[in-house]
Structure formats: structure tokens, C-alpha cells
Amino acid sequence: MPEKKIVDTTLRDGEQRPGIEFTMADKIKLAKLIDSCGVYEIEAGTSNRELEGEGYYEELRNNVKHAKISLWSRMCKEDIEEAILCKPDIVHIGMPVSYVQIYSKLKKNKTWLHKCICECIDRIRSENIEVVVGFEDASRADEGFLIDTARLIGERGGNTIRIADTVGVLIPSRTESIINQIVTKVGISVEFHGHNDLGMVVANSISACKAGAEYVDCTLLGIGERSGNCHLLEFVRTAGRIFNLGIDKYQVQAAENELNKMICEK
Amino acid sequence: MIRIIDATLVMLDDYNPTKEHLLLFCGHMKEIGITDMEISKYVYRTLGELPEGIRFYLHLDYSDKVTDFPGMYRYFMHNKGNHENIICKVQINDVKELHRLKMFSDYKFIQIIGLDDLILYHYQNIFSKIKQYLNDSLIILCPENTYHCATGVAVEWMLSGGKEISAAFSGIGDRAATEEVYMAMNVVKRYKPNQVLAGMVRLKELFEIITGKKIPDYKPVIGNNIFRVESGIHVDGLIKNSKIYVAYPPEKVGQKTEIMLGKHSGSNSIRKKCEVLSLNALSEDSIKVLLRRVRQLSIKKHNTVSDEEFLYLYREVVTWDAGKEDR
């Protein structure tokens with residue numbers, strides 16, 4: 001069976017669900033449990049050290065034995081410098097790519113975006129840290145722009161493109177089409193990050209894998225904003241029938257029990 | 001023309017819904033534009049006179065006689081012969097059993113139940129094969145949800161030219177969720193048999209009363225908390241343009257955006273909250289202090305900060321600010 005890797009984002013995107021407010025101790029405890037599940041990577045938080053707690057990433061490194069540790073950073077110089085100081089294995093840079101995000105949220109243009117992402121990649125790669133560029137709102141973006149930007153990122157030394165269905169509007173066939181275009185036309189590693197707004201996140205994540213995505217983002221219990229992210233256990237039980245995910249389902253269950261306990265104890 | 005047939009009223013017999021509940025449920029479904037409903041014999045008998053404007057499909061057992069249940073648009077029966085007005089129900093558990101459909105090639109109406117694992121395969125080829133096996137039959141696909149992909153299968157079936165699917169509210173009975181299929185088709189194909197979908201909330205409340213079970217707060221489309229936003233980046237985006245972080249406006253399904261304060265809030269969340277609670281605007285310094293206190297409190301209590309708690313912190317910061325000027 002083809003191999004696919006799980007990126008667990010419970011401690012970053014999962015924590016975005018209102019009411020899920022982890023302390024540093026909670027995150028370390030969960031990270032150890034998630035590590036024992038067999039995930040490839042733990043996206044452990046952001047570059048904001050005030051929020052994560054002083055010494056969080058050092059503590060994480062002492063406790064996580066197998067998974068790579070990554071963190072999420074905005075696409076701006078100050079945050080990238082903060083991210084580097086945390087010494088992760090991987091930095092995920094969030095890069096808005098739909099026109100509504102570029103022009104309404106960032107109030108910038110495509111040329112600015114390309115220049116800025118190149119500067120961020122150069123800086124991170126100069127520290128020998130891996131770079132994943134997360135295409136935010138990729139599902140509503142122009143496909144030509146996605147492909148051009150993915151090419152630029154690959155040439156600049158970026159390691160992986162993360163296709164994020166930020167508002168959860170993808171359906172399986174469209175997911176397959178977007179991932180397939182990037183894999184075949186650009187030839188860079190692809191990661192898929194789905195949301196469950198229309199109840200299709202497991203189907204979309206499987207479709208992404210079928211189209212050539214190497215990595216899939218999941219969270220324990222499917223926690224995350226709005227209707228949540230891809231539920232790790234549901235994904236493993238389904239996709240595990242055709243892909244080798246290297247995940248221990250019993251450990252996932254144990255980690256979910258612990259998270260449930262944390263949520264219920266509030 | 002696509003058709004979503006709702007099968008919720010086949011799944012509720014164990015909860016003994018009253019006639020009033022059933023009439024209300026039918027009314028709310030009609031309000032959101034679902035006018036095809038599957039019902040059980042219990043529902044048929046309890047309803048008595050059937051509400052107008054809805055096509056009813058009655059589920060019968062093998063030994064039942066259609067003539068004993070007049071007034072139906074169609075009847076569902078398991079593996080029953082090829083009769084006028086009878087839809088033959090066929091269970092296909094996975095794609096390996098697909099060849100069984102060849103037996104039904106001359107049937108007029110077929111409902112295929114199951115195909116839980118379809119998404120793992122080349123489902124578009126399989127859809128073509130199904131249509132090929134069943135020639136000119138009218139096919140109602142009823143995907144089951146063992147692998148959490150029923151909504152995806154239902155939507156893809158309709159996008160590949162399939163005309164009818166069967167689903168159930170909130171996915172009860174291991175089906176695709178009616179509201180998810182509806183909104184997915186609305187977002188992807190502008191499917192809108194009715195513009196007013198606020199009835200989704202009333203359907204959810206009624207469903208909870210009938211079943212005595214609470215719909216999970218984060219259930220797609222109908223969950224109570226799905227439009228709560230805490231993340232500073234997202235609140236900032238929503239203030240700039242409400243379309244940035246949602247698939248469809250919350251008001252469309254009878255809900256509204258609620259800004260929550262917590263560990264992930266940003267300065268704009270504080271500004272927005274002050275505005276919503278009609279509080280006086282604060283200086284930049286005070287906003288920074290207030291934001292820090294909001295974050296600290298939310299981490300300490302492992303939860304979001306309530307409006308009362310925010311007001312308390314706000315007053316503390318205002319007092320601190322006034323004291324600073326005095327000094």
C-alpha cells in the first residue's frame with residue numbers, strides 16, 4: 001500500500017476552536033501522546049512565545065522522541081525571526097492565496113506576495129530549517145496563480161506546499177483536481193489541510209491522497225475552528241484500508257481520551 | 001433537476017413522535033425546500049391526513065399490500081418485483097458487490113443503499129458502471145456513512161449526473177446528512193429550492209425535542225457553536241470582509257457570527273468587543289494591557305472569557321489608565 005504521512009495539528013489549528021485553551025503543560029502532555037501514535041509531524045503552535053509559554057519548544061523537544069516538530073508563522077519578517085528562535089524542524093508559513101484574502105485582508109497584490117514569500121523562504125532556509133508554505137484559502141484561489149506560486153516556491157527551496165481548504169468548501173472531485181494539477185505540473189511535495197464545514201473533510205482528505213498528496217493534516221477528535229478539522233481516528237480507520245499511514249489506532253484512542261478529559265474537566 | 005429525498009421520518013419510530021411533531025417537521029422541511037420525504041408505516045398512521053405540498057414515499061415490508069396504504073407518491077420495498085410506483089431497495093455493502101445490480105437492469109425505480117467505501121475507489125467510473133447496469137432505471141442513491149464519506153458520495157453522485165439521493169437530518173440512521181448535502185449543493189452548484197433556510201435551526205430544535213438527544217455543538221451547518229470565532233487573525237479578517245472566513249453567511253442558516261475572547265484573541269477582537277458591548281474606546285496602551293489580561297484569564301480558566309469577565313477586566317484597565325494619568 002502507498003505510504004502517506006500524518007501531520008497532527010491539534011496543538012495549533014485544533015486549539016483555534018473557541019473554548020480550547022491549552023496551558024503549556026497540557027500541550028506537552030498531549031504532544032507526548034500524539035508522538036506515540038506514530039504521526040510524522042506535530043504542528044505544535046505558533047511563533048508567539050508569549051502565548052505558547054517561555055521554553056515551550058525546548059520542553060517539547062525534550063519530550064517528543066519521534067515526530068518532527070513544526071510551528072506556524074505569519075508571512076512577515078518579525079514572526080519569521082521569532083519562529084527561527086524557537087528552533088523547530090519545520091516552519092509552516094501561512095500565505096493567503098485567494099483574491100478575497102490578498103486584496104481584502106492583506107490589502108496587497110500578487111507581486112508583493114511573491115516577493116515577500118521569497119524573502120521568508122530565503123531566511124528560513126539559511127538556518128537549515130525546512131519550509132512548508134501553506135496556501136491559505138487555496139480552494140477559492142485561481143489555479144493558474146497557485147501553480148505559478150508553487151513553482152516559485154519550489155525553485156526557491158521550499159520543501160512542501162500545503163493546500164488549505166480554509167473555509168471548508170471543497171468537494172472530493174475538486175480536491176483531487178487541485179492536488180493533481182500541482183503534483184503533475186510542479187512536482188513539489190503536497191500536504192492537504194481540510195475543514196469540515198460541509199461534512200466532507202474525510203472524503204476530501206482521502207481524495208487528496210489519491211491525487212498524490214504525501215501529507216494529510218488531522219486533529220484529535222477533529223477539533224478546530226467552526227466544524228473542525230479532519231478527525232485523526234476517522235481518517236485512519238477509513239484511509240488505512242488503502243494507504244499505509246503508520247498510525248497506532250489504540251494510541252490515538254488513548255490520546256483522544258486524554259483530550260476529552262481535559263475538555264470535560266473545565 | 002436534482003432531488004434530495006429526506007429519510008428522517010423512517011428513523012424516528014423508536015422515539016414515538018406525536019402527530020404535532022411530525023406535522024411541524026414536515027412543515028420545516030418544506031420551508032427549506034425539501035418536498036420529498038420518506039416515511040415509515042408508524043408515521044403514515046400517526047399523521048392520518050397527509051400535509052399538502054410534499055411527495056411521500058412509504059417504506060413497506062415484503063408482505064404489505066400497496067393498496068392498504070393509499071395516497072403515497074411511491075413505495076419502497078426490499079428486492080420487490082418491478083411494479084408501478086414501487087422503488088426496489090437494494091443493499092450493496094461495498095463496491096465488490098456491485099455486479100449484483102445487473103439483476104435489476106429492467107427495473108423502473110431502484111434505491112441503492114450502502115456503498116460506504118466508494119470514495120476509496122475511482123468513484124466516477126463506478127457511477128458510470130451503475131448507470132450502465134441499470135440502463136434507464138431511475139436511481140436513488142442512498143450512501144451509508146460507516147467511513148464518514150456519505151455526504152461526499154451523495155454530492156459527487158449528483159455532480160456526475162445522478163438525479164436523486166436519499167439522506168437524513170443530522171445523518172441519523174448512518175446516512176448522509178440532509179443539511180450537509182443541501183448546503184454543499186448550494187455552495188457548489190447554487191442549488192436553492194428555497195431562499196429562506198433559517199428553518200434549519202427550527203428543524204434542529206424539533207429534532208432534539210423528538211429524539212431527546214442534543215445535536216453536537218460543532219455539527220456542520222446546524223451546530224450551535226460553528227460560527228463562534230476566537231482567533232485574532234480570523235476576527236480581523238471578518239471585520240475587513242465577512243466573506244473571508246466563511247463558506248456561506250451564517251444568517252443563511254439562521255445563525256450568526258459570535259466573537260469570543262480567549263488565548264488566541266488579538267487587539268481587533270478587543271476593539272470589536274468594546275464596540276458590541278457599547279463601551280468607550282480605549283487607548284492603544286490600554287488595549288494591549290486588556291488583551292494580555294484576557295489571554296491570561298482564558299489560559300487560567302481553560303476556557304473563553306465571558307462578557308461579564310471582560311467587563312470586569314475592562315473596568316480594571318480603565319481605572320489603571322485613569323490612575324496613570326493622575327500620577
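Predicted model: local features only at pLDDT ≥ 70, side-chain atom pairs only at ≥ 80, totals over all residues.
We can start with chain A, where eight strands close into a barrel. Their order is S1-S2-S3-S4-S5-S6-S7-S8, and the pairing is parallel. On average, neighbouring strands of this sheet are turned by 25 degrees against each other, direction ignored. In general, strands of a sheet pair through backbone hydrogen bonds, in either a parallel or an antiparallel manner.

Chain B, in turn, is assigned two domains, with domain 1 covering 3–211 and domain 2 covering 228–326. The C-alpha centres of these domains of chain B lie 44 Å apart. Where the two meet, six residues of domain 1 of chain B are in contact with six residues of domain 2 of chain B. On the domain 1 side, helix H6 (178–189) and helix H7 (199–211) of chain B are the elements that give two or more residues. The residues of that side comprise six nonpolar, no polar and no charged.

Turning to the interface between the chains, 34 residues of chain A are in contact with 45 residues of chain B. At least two residues of the chain A side come from each of helix H5 (99–106), helix H8 (172–185), helix H9 (201–210) and helix H10 (232–239) of chain A. By residue class, the side of chain A that touches chain B holds 13 nonpolar, 13 polar and eight charged residues.

How values were computed. Residues numbered from 1 in each chain as written. Chains lettered and ligands numbered in written order. Pairing = 2+ DSSP bridges. Helix = DSSP H or I, 4+ residues; strand = E, 2+ residues; numbered from the N terminus. Axes fitted to C-alpha atoms, helices over the stretch in contact; angles between N-to-C directions. Domains from an automatic or database assignment. Contact = placed C-beta atoms within 7 Å. Nonpolar A, V, L, I, M, F, W, Y, C, P; charged D, E, K, R; others polar.
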